[in-house]
Amino acid sequence: MSYKYITELTSPNRSKRRSKVRRIVIHHWDDPKRKPSLDGVLSWLTTTKSKVSAHYVVSGRKVYRLVPESMVAWHARGGSSDSIGIECDPRQQDETYETAAELIREIRGRHGDIPLVRHRDVKGSSTTCPGTYDLARLDRLARGGSAACPPPAPAPAAPSVPPFPLPRGHYYGPPSGPIQSVSGRGRNSRVPSDVIEVNGRWRSKGLATWQARMQARGWNIGESGADGRYGRDTARVVKRFQKNKGLKVDGKIGPATWRAAWALPVK
Ligand SMILES: [Zn+2]
(Lines give C-alpha, C1' and ligand atoms only; values in the text may rest on other atoms or scores of the structure.)
Protein backbone atom coordinates (compact mmCIF):
# COMPACT_ATOMS: atom_id res chain seq x y z
CA MET A 1 0.00 0.00 0.00
CA SER A 2 1.57 3.25 -1.05
CA TYR A 3 -0.83 5.65 0.61
CA LYS A 4 -1.25 6.73 4.20
CA TYR A 5 -4.31 5.10 5.73
CA ILE A 6 -5.93 7.11 8.48
CA THR A 7 -8.60 5.59 10.69
CA GLU A 8 -8.64 7.93 13.67
CA LEU A 9 -11.65 9.88 12.43
CA THR A 10 -15.04 8.21 12.48
CA SER A 11 -18.45 9.35 11.40
CA PRO A 12 -21.59 8.77 13.45
CA ASN A 13 -23.64 8.99 10.24
CA ARG A 14 -23.88 5.29 9.54
CA SER A 15 -26.28 2.40 9.82
CA LYS A 16 -26.39 -1.35 9.76
CA ARG A 17 -25.62 -3.00 6.42
CA ARG A 18 -28.36 -5.39 5.32
CA SER A 19 -27.47 -6.03 1.71
CA LYS A 20 -24.42 -7.04 -0.23
CA VAL A 21 -21.96 -4.45 -1.53
CA ARG A 22 -22.63 -4.24 -5.27
CA ARG A 23 -21.03 -0.98 -6.39
CA ILE A 24 -18.62 1.79 -5.53
CA VAL A 25 -20.05 5.31 -5.69
CA ILE A 26 -17.54 8.01 -6.61
CA HIS A 27 -17.99 11.54 -5.24
CA HIS A 28 -16.02 14.72 -5.17
CA TRP A 29 -16.28 17.00 -2.18
CA ASP A 30 -17.37 20.17 -3.86
CA ASP A 31 -16.82 22.45 -6.79
CA PRO A 32 -13.06 23.17 -6.84
CA LYS A 33 -13.84 26.82 -7.62
CA ARG A 34 -15.14 27.19 -4.09
CA LYS A 35 -11.74 26.06 -2.79
CA PRO A 36 -13.08 23.41 -0.45
CA SER A 37 -10.66 22.31 2.23
CA LEU A 38 -9.88 18.79 3.35
CA ASP A 39 -10.41 19.75 7.00
CA GLY A 40 -13.73 21.27 6.09
CA VAL A 41 -15.05 18.17 4.37
CA LEU A 42 -13.74 15.87 7.10
CA SER A 43 -15.48 17.84 9.80
CA TRP A 44 -18.73 18.04 7.79
CA LEU A 45 -18.77 14.29 7.22
CA THR A 46 -18.09 13.51 10.87
CA THR A 47 -20.58 15.78 12.57
CA THR A 48 -23.99 14.41 13.60
CA LYS A 49 -25.82 17.43 12.30
CA SER A 50 -24.76 16.97 8.66
CA LYS A 51 -26.40 13.51 8.46
CA VAL A 52 -23.94 12.62 5.70
CA SER A 53 -20.77 10.58 5.56
CA ALA A 54 -18.68 8.41 3.28
CA HIS A 55 -16.59 5.32 3.81
CA TYR A 56 -13.50 7.00 2.49
CA VAL A 57 -12.13 10.45 1.78
CA VAL A 58 -9.18 10.51 -0.58
CA SER A 59 -6.77 13.38 -1.03
CA GLY A 60 -3.35 13.03 -2.60
CA ARG A 61 -1.66 10.09 -0.93
CA LYS A 62 -4.04 10.02 2.03
CA VAL A 63 -7.08 7.88 2.65
CA TYR A 64 -9.35 8.67 5.59
CA ARG A 65 -11.69 5.90 6.59
CA LEU A 66 -14.74 7.35 8.31
CA VAL A 67 -17.08 4.35 8.22
CA PRO A 68 -16.10 0.66 8.02
CA GLU A 69 -17.20 -1.18 4.89
CA SER A 70 -19.29 -3.52 7.02
CA MET A 71 -21.65 -0.61 7.70
CA VAL A 72 -23.69 1.71 5.48
CA ALA A 73 -22.37 5.25 5.10
CA TRP A 74 -24.86 7.98 4.22
CA HIS A 75 -23.34 9.22 1.00
CA ALA A 76 -25.90 8.76 -1.77
CA ARG A 77 -29.60 9.00 -1.07
CA GLY A 78 -31.27 5.91 -2.48
CA GLY A 79 -27.95 4.25 -3.21
CA SER A 80 -26.13 3.94 0.08
CA SER A 81 -27.34 0.55 1.22
CA ASP A 82 -25.57 -1.55 -1.41
CA SER A 83 -22.51 0.57 -2.02
CA ILE A 84 -19.23 1.90 -0.74
CA GLY A 85 -18.78 5.66 -1.03
CA ILE A 86 -15.48 7.34 -1.84
CA GLU A 87 -15.16 11.12 -1.63
CA CYS A 88 -12.34 12.28 -3.90
CA ASP A 89 -10.42 15.53 -3.83
CA PRO A 90 -12.13 17.76 -6.42
CA ARG A 91 -8.76 19.11 -7.57
CA GLN A 92 -8.29 15.78 -9.34
CA GLN A 93 -4.54 15.55 -8.76
CA ASP A 94 -2.77 12.56 -10.31
CA GLU A 95 -1.96 11.29 -6.79
CA THR A 96 -5.63 11.34 -5.85
CA TYR A 97 -6.43 9.25 -8.94
CA GLU A 98 -3.65 6.80 -8.11
CA THR A 99 -4.61 6.52 -4.46
CA ALA A 100 -8.33 6.14 -5.17
CA ALA A 101 -7.50 3.49 -7.78
CA GLU A 102 -5.43 1.53 -5.31
CA LEU A 103 -8.24 1.73 -2.79
CA ILE A 104 -10.73 0.55 -5.43
CA ARG A 105 -8.49 -2.40 -6.25
CA GLU A 106 -8.44 -3.37 -2.58
CA ILE A 107 -12.21 -2.95 -2.20
CA ARG A 108 -12.72 -5.24 -5.20
CA GLY A 109 -10.42 -7.75 -3.56
CA ARG A 110 -12.88 -7.83 -0.68
CA HIS A 111 -16.22 -7.55 -2.48
CA GLY A 112 -15.60 -8.88 -5.97
CA ASP A 113 -15.31 -7.11 -9.27
CA ILE A 114 -17.96 -4.44 -8.60
CA PRO A 115 -18.55 -1.41 -10.86
CA LEU A 116 -17.79 2.26 -10.27
CA VAL A 117 -20.79 4.58 -10.39
CA ARG A 118 -20.97 8.38 -10.46
CA HIS A 119 -22.99 9.83 -7.59
CA ARG A 120 -25.24 11.59 -10.08
CA ASP A 121 -26.01 8.28 -11.79
CA VAL A 122 -27.47 6.83 -8.61
CA LYS A 123 -31.21 6.60 -9.11
CA GLY A 124 -33.04 9.38 -7.32
CA SER A 125 -30.04 11.66 -6.89
CA SER A 126 -30.10 15.31 -7.91
CA THR A 127 -26.51 16.43 -8.01
CA THR A 128 -23.71 17.09 -10.46
CA CYS A 129 -21.28 15.15 -8.24
CA PRO A 130 -18.54 14.05 -9.04
CA GLY A 131 -18.13 16.83 -11.61
CA THR A 132 -15.68 15.90 -14.32
CA TYR A 133 -14.13 12.97 -12.46
CA ASP A 134 -12.96 10.43 -15.03
CA LEU A 135 -14.24 7.06 -13.85
CA ALA A 136 -12.81 5.23 -16.84
CA ARG A 137 -9.37 6.46 -15.81
CA LEU A 138 -9.94 5.36 -12.21
CA ASP A 139 -11.08 1.97 -13.40
CA ARG A 140 -8.14 1.57 -15.76
CA LEU A 141 -5.70 2.50 -12.99
CA ALA A 142 -7.41 0.16 -10.56
CA ARG A 143 -6.92 -2.65 -13.05
CA GLY A 144 -3.23 -1.97 -13.24
CA GLY A 145 -3.08 0.45 -16.17
CA SER A 146 -0.61 3.30 -16.49
CA ALA A 147 -0.94 6.40 -14.33
CA ALA A 148 0.28 8.67 -17.10
CA CYS A 149 -1.92 10.28 -19.71
CA PRO A 150 -4.63 7.88 -20.68
CA PRO A 151 -3.59 6.23 -23.94
CA PRO A 152 -5.96 6.48 -26.89
CA ALA A 153 -7.73 3.23 -26.28
CA PRO A 154 -7.53 0.79 -29.16
CA ALA A 155 -10.25 -1.82 -28.93
CA PRO A 156 -8.67 -4.44 -26.70
CA ALA A 157 -8.36 -7.76 -28.45
CA ALA A 158 -9.96 -10.54 -26.46
CA PRO A 159 -7.03 -12.35 -24.87
CA SER A 160 -6.60 -15.88 -26.08
CA VAL A 161 -7.07 -18.54 -23.44
CA PRO A 162 -3.91 -20.50 -22.66
CA PRO A 163 -4.51 -24.26 -22.60
CA PHE A 164 -5.40 -25.72 -19.20
CA PRO A 165 -2.07 -27.10 -17.98
CA LEU A 166 -3.24 -30.15 -16.01
CA PRO A 167 -4.28 -33.64 -17.15
CA ARG A 168 -7.96 -34.58 -17.23
CA GLY A 169 -9.55 -34.85 -13.80
CA HIS A 170 -6.94 -32.64 -12.14
CA TYR A 171 -7.43 -29.12 -10.84
CA TYR A 172 -5.64 -26.45 -8.81
CA GLY A 173 -6.88 -26.70 -5.26
CA PRO A 174 -5.92 -27.02 -1.60
CA PRO A 175 -3.06 -29.25 -0.44
CA SER A 176 -5.55 -31.12 1.74
CA GLY A 177 -7.22 -32.57 -1.35
CA PRO A 178 -6.51 -35.82 -3.24
CA ILE A 179 -3.53 -36.16 -5.55
CA GLN A 180 -5.64 -34.62 -8.35
CA SER A 181 -5.72 -31.38 -6.31
CA VAL A 182 -2.57 -29.54 -7.38
CA SER A 183 -1.70 -26.91 -4.79
CA GLY A 184 1.82 -26.12 -5.94
CA ARG A 185 2.90 -26.31 -2.32
CA GLY A 186 4.76 -29.57 -2.67
CA ARG A 187 5.98 -32.13 -5.19
CA ASN A 188 3.20 -33.68 -7.23
CA SER A 189 4.21 -36.80 -9.13
CA ARG A 190 1.29 -36.43 -11.56
CA VAL A 191 2.48 -33.12 -12.95
CA PRO A 192 6.28 -32.97 -12.62
CA SER A 193 6.62 -30.32 -15.32
CA ASP A 194 4.01 -27.99 -13.81
CA VAL A 195 5.05 -28.10 -10.15
CA ILE A 196 8.69 -27.20 -9.86
CA GLU A 197 11.10 -26.34 -7.09
CA VAL A 198 12.59 -22.85 -7.18
CA ASN A 199 15.11 -21.92 -4.50
CA GLY A 200 13.92 -24.69 -2.24
CA ARG A 201 10.25 -23.76 -2.61
CA TRP A 202 7.64 -25.60 -4.64
CA ARG A 203 5.37 -23.69 -6.98
CA SER A 204 3.04 -24.41 -9.84
CA LYS A 205 3.74 -22.61 -13.10
CA GLY A 206 0.13 -22.95 -14.24
CA LEU A 207 -1.33 -21.70 -10.98
CA ALA A 208 1.02 -18.69 -11.08
CA THR A 209 -0.24 -17.94 -14.60
CA TRP A 210 -3.86 -18.01 -13.45
CA GLN A 211 -3.09 -15.88 -10.37
CA ALA A 212 -1.30 -13.27 -12.50
CA ARG A 213 -4.25 -13.18 -14.88
CA MET A 214 -6.62 -12.58 -11.96
CA GLN A 215 -4.41 -9.76 -10.72
CA ALA A 216 -4.56 -8.19 -14.16
CA ARG A 217 -8.36 -8.38 -13.89
CA GLY A 218 -8.13 -6.31 -10.71
CA TRP A 219 -8.37 -9.01 -8.05
CA ASN A 220 -6.31 -8.81 -4.90
CA ILE A 221 -4.73 -12.22 -4.64
CA GLY A 222 -2.88 -11.52 -1.41
CA GLU A 223 0.49 -10.27 -0.31
CA SER A 224 2.58 -13.00 -1.84
CA GLY A 225 1.21 -12.24 -5.29
CA ALA A 226 1.24 -14.77 -8.14
CA ASP A 227 3.37 -17.24 -6.24
CA GLY A 228 2.00 -20.44 -7.78
CA ARG A 229 0.88 -21.73 -4.41
CA TYR A 230 -2.74 -22.37 -3.45
CA GLY A 231 -3.45 -20.76 -0.08
CA ARG A 232 -6.21 -18.93 1.72
CA ASP A 233 -6.12 -15.83 -0.48
CA THR A 234 -6.27 -17.87 -3.67
CA ALA A 235 -9.15 -19.94 -2.26
CA ARG A 236 -11.08 -16.77 -1.44
CA VAL A 237 -10.52 -15.26 -4.89
CA VAL A 238 -11.45 -18.48 -6.68
CA LYS A 239 -14.74 -18.77 -4.79
CA ARG A 240 -15.72 -15.13 -5.25
CA PHE A 241 -14.84 -15.24 -8.92
CA GLN A 242 -16.84 -18.42 -9.43
CA LYS A 243 -19.84 -16.92 -7.68
CA ASN A 244 -19.47 -13.74 -9.71
CA LYS A 245 -19.42 -15.59 -12.99
CA GLY A 246 -22.13 -18.13 -12.21
CA LEU A 247 -19.70 -21.04 -12.07
CA LYS A 248 -19.91 -23.90 -9.60
CA VAL A 249 -18.49 -22.50 -6.35
CA ASP A 250 -16.08 -25.19 -5.21
CA GLY A 251 -12.77 -23.32 -4.90
CA LYS A 252 -11.20 -25.58 -7.51
CA ILE A 253 -9.51 -24.20 -10.61
CA GLY A 254 -10.51 -26.74 -13.21
CA PRO A 255 -10.80 -26.12 -16.95
CA ALA A 256 -13.97 -23.94 -16.67
CA THR A 257 -12.64 -21.62 -13.96
CA TRP A 258 -9.30 -21.49 -15.76
CA ARG A 259 -10.94 -20.49 -19.03
CA ALA A 260 -13.26 -17.91 -17.44
CA ALA A 261 -10.27 -15.85 -16.28
CA TRP A 262 -9.48 -15.07 -19.94
CA ALA A 263 -12.66 -15.64 -21.86
CA LEU A 264 -15.26 -13.84 -19.72
CA PRO A 265 -15.41 -10.05 -19.75
CA VAL A 266 -14.06 -8.07 -16.80
CA LYS A 267 -16.99 -6.21 -15.33
ZN1 LIG B 1 -21.51 12.99 -4.19
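Reply: Strand 9 (171-172), helix 4 (205-216) and helix 5 (232-244) are among the elements that cover the buried residues of helix 6. Those buried residues, in a helix that runs over residues 255-263, are Thr257, Trp258, Ala260, Ala261 and Trp262. Do keep in mind that this is a predicted model.

Now let's turn to another pair of helices. The axes of helix 2 (residues 94-111) and helix 3 come within 8 Å of each other, crossing at roughly 60 degrees. Helix 2 and helix 3 are therefore oblique to each other, and the crossing is right-handed. On the helix 2 side, the contact is made by Asp94, Tyr97, Glu98, Ala100, Ala101, Ile104, Arg105 and Arg108. Helix 3 brings Arg137, Leu138, Asp139, Leu141 and Ala142 to it.

Finally, have a look at the metal. A zinc ion is coordinated by His27 and His119, each through ND1, and by Cys129 through SG, at 2.1 to 2.2 Å. Along the chain, these donors follow the spacing H-x91-H-x9-C. Histidine 27 sits in strand 3 (residues 23-28), while histidine 119 is in the loop between strand 8 (116-118) and helix 3 (135-142), so the pair ties together parts that are 92 residues apart in sequence.

How values were computed: Residues are numbered from 1 along each chain as its sequence is written. This is a predicted model: local features need pLDDT of at least 70, side-chain atom pairs count only at pLDDT 80 or more; totals for chains, interfaces and linings use all residues. Side-chain values use heavy atoms; hydrogens and water are left out. Donors are N, O and S atoms within 2.8 Å of the metal (3.2 Å for Na, K and Ca); water is not among the atoms, so sites may look incomplete. Helices (H or I, at least four residues) and strands (E, at least two) are DSSP runs, numbered from the N terminus. Axes are lines fitted to C-alpha atoms, for helices over the stretch in contact, and angles run from 0 to 180 degrees between N-to-C directions. Angles under 35 degrees count as roughly parallel, over 145 as roughly antiparallel, 65 to 115 as roughly perpendicular and the rest as oblique. A crossing is left-handed if the near helix is turned anticlockwise from the far one by less than a right angle, and right-handed if clockwise. Contact means heavy atoms within 4.5 Å. Buried means under 20% relative accessible area, exposed over 50%, partly exposed in between (1.4 Å probe, protein chains only).
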